[in-house]
Amino acid sequence: MIKFIAAAIWICAATLGAVFYSFQAAGARGVGETPKPMLGGLDYVKTDVISVPLIHNAKIDGYFLTKLVYTVEPAEIKKLSIPADALITDQVYSYLYSNPQIDFTKKATIDLDAFRAAIRDTVNTRVGANLVHEVLIDQVNFLSKDEIRDNWLRRRQEGAPAPEAAKPAPAH
């Protein structure tokens, strides 16, 4: 009976030792492989809506509206002396005004891949480091001047009080 108890204690000790050793070895080595750039380690930063007036022949033709998401390393973005949103907004304006051949009324002239790459590359060149890894488009839209005016008139008519509501109630 003593041999049976000694063997049971030995098996329990060996099992606990093996489990303890395997956890130690796995913790030192790390679990799994290092994350890929799109899977971790980067911060995803959303911009507010960027509205760029598009001017042609000294008249505003409409507004380019976009909302972007860009990926940055947290340590690198903390080193900036100006806000990253200001850099991104400035580059969107610069890109649109330096490429007047883009016609937003025709989808065929809009190259979103070139737009994203240009924003990323010009920000990184300006900063002098690989700050922005990827630029993603959350929203993109173009509103012509006529669409904006029609929307404004529609909202104004919906918000105007009804003729009966504007008259004072009769006194009794």
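Helices are DSSP runs of H or I with at least four residues, and strands are runs of E with at least two, numbered from the N terminus.

The model is predicted: local features need pLDDT of at least 70, side-chain atom pairs count only at pLDDT 80 or more, and totals for chains, interfaces and linings use all residues. Residues are numbered from 1 along each chain as its sequence is written, and side-chain values use heavy atoms, with hydrogens and water left out.

Next I listed the buried residues of α4. They are Phe115, Ala118, Ile119, Val123 and Asn124. An α-helix has 3.6 residues a turn, so residues three or four places apart point the same way.

Then I checked the length of α4. The helix has 16 residues (residues 112-127), so at 1.5 Å a residue it should span 22 Å. The expected span is 1.5 Å times one less than the number of residues. The end C-alpha atoms lie 23 Å apart, which agrees.

I went to both ends. Aspartate 111 caps the N-terminal end, with a side-chain oxygen 3.4 Å from the backbone nitrogen of aspartate 113. Glycine 128 follows α4, and its phi is positive, near 85°.

Last, I stepped back to the protein chain. I noted six helices and four strands. Their order from the N terminus is α-β-β-β-α-α-α-β-α-α. Of its 172 residues, 20% count as buried.

Notes: Buried < 20%, exposed > 50% of the residue type's maximum accessible area, 1.4 Å probe, protein only. Polar contact = N/O pair within 3.5 Å; in protein donor to acceptor, adjacent residues only side chain to side chain.
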